[in-house]
Amino acid sequence: MAATFVFAGASAWALDRPAAEHALMEGRVDELVRMLVGSQDGQSQLLLCRAYYAEELGDQAVTACEVALQTLHDDSQAQLWMGRAYGLKARNAGPFAAMKLARKVKSSFESAYQLDPHNAAAANDLGEFYVGAPSIVGGGVDLAADLADKISGTMPEAGHRVRAMIAEKQKDFPTAEREFRAATAVANRPEAWVDLGAYFFRRSDGKQAVSALEHAVALDTRHGSPTVDSATLLQENHWGLERPEHWLRQYLEGSAKSDEAPTFRVHTKLGLMLKKDGDVAGAKIEINKALALASNYAPASKALQGL
């Protein structure tokens, strides 16, 4: 079946697209790449772009997304992932190349939002860029504030989030906390509670951070990516290992996996936690599970060498 998929063209792609998307959601990157080798249609290249992005392979992600845009230039999601791929590549680029790539990030995110003003992910990523990027590459809190005004009516959670980021950058911490809390109140979504928890950690308020993250995980009843994000924040801020490990296992055992929290990354995180806890054998099991899914994931290879 896979061979038919690779070479039969667009009709086979349409038939097997659910299987390919499921492989991406499950983190089976090596399998997905084998499925799509030789396919040049836009949707398959977009899936490849997302797979390479998950593996932190910036050059490959950019190449795949650029091919995808040859036929999907008017697709909001394709433009969004193009911007993310450029951003990933910029992380390992020299200063001049990074500036050039940053301008491409801005252009792609703006296109993604303009093509679909209801695309919350595009609005969030564009807002993050405006707040975080220097003006020389197109950033600016004035642009972020204008975006927040535009989206507040249709996407109030995203509007509050952008305003919170602006206030935090300007060191207006009371307003930042108020806006992050307002984002949680709009729809009581776990992602907003993760943002609030991350904010409290940045403010060195571990007690409130942990409380917000526990709320996020309680709301995330299917144990999806917010559960992984919550575990990661606890781990990075040195709030024990037992609870983060439990949350990561809930994700791996659940049915809400996605490329927002690639499975091989979660296995790697879990392996590093086990190593820190002295369980080297358990750590090797988890790292090898990661590499079985994504053999080119460099952090997993590095982690295995360190065991």
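Modeller: This is a predicted model, and among its contacts between residues at least 6 apart in sequence, 53% join residues at least 24 apart.

Colleague: What does the C-alpha trace span along its principal axes?

Modeller: The C-alpha trace spans about 60 × 50 × 40 Å along those axes.

Colleague: How many of the residues count as buried, as a percentage?

Modeller: Of the 307 residues, 51% count as buried. The accessible surface of the chain comes to about 14,400 Å², and 53% of that surface belongs to carbon and sulfur atoms.

Colleague: Let's go inside, then. Which residues touch the most other members of the largest nonpolar core?

Modeller: Those are F129, I151 and F264, in a core that holds 63 residues. Apart from that one lies another core, of 31 residues, with V210, V217, L248 and A261 among them. As general background, nonpolar side chains tend to be buried together in soluble globular proteins.

Colleague: Staying with F129, what is it in contact with, leaving aside neighbours within four places in sequence?

Modeller: With those neighbours left aside, F129 is in contact with A102, V105, K106 and F109, and also with V137, G138 and G139.

Colleague: Switching to charge, how many positive and negative side chains are there?

Modeller: There are 33 positive and 39 negative side chains in the chain, and the centres of the two sets lie 4 Å apart.

Colleague: Now the backbone. What is the phi of S204?

Modeller: S204 is not a glycine, yet its phi is positive, at about 60°. Most residues other than glycine have a negative phi. S204 sits in the loop between α12 (190-202) and α13 (206-219).

Colleague: Is S204 buried or exposed?

Modeller: S204 counts as exposed, because its relative accessibility is 68% and the cut-off for exposed is over 50%.

Colleague: And where does H238 lie?

Modeller: H238 lies in the loop between α14 (225-236) and α15 (242-253). Its phi is near 60°, a positive value in a residue other than glycine. With a relative accessibility of 63%, H238 counts as exposed.

Methods. Residues numbered from 1 in each chain as written. Predicted model: local features only at pLDDT ≥ 70, side-chain atom pairs only at ≥ 80, totals over all residues. Heavy atoms only, no water. Helix = DSSP H or I, 4+ residues; strand = E, 2+ residues; numbered from the N terminus. Buried < 20%, exposed > 50% of the residue type's maximum accessible area, 1.4 Å probe, protein only. Contact = heavy atoms within 4.5 Å. Areas by Shrake-Rupley, 256 points an atom, 1.4 Å probe, with all protein chains shown as cover. Lys, Arg positive; Asp, Glu negative; His and termini not counted. Charge placed at Lys NZ, Arg CZ, Asp CG, Glu CD. Core = buried A, V, L, I, M, F, W, Y, C linked by side-chain atoms within 4.5 Å.
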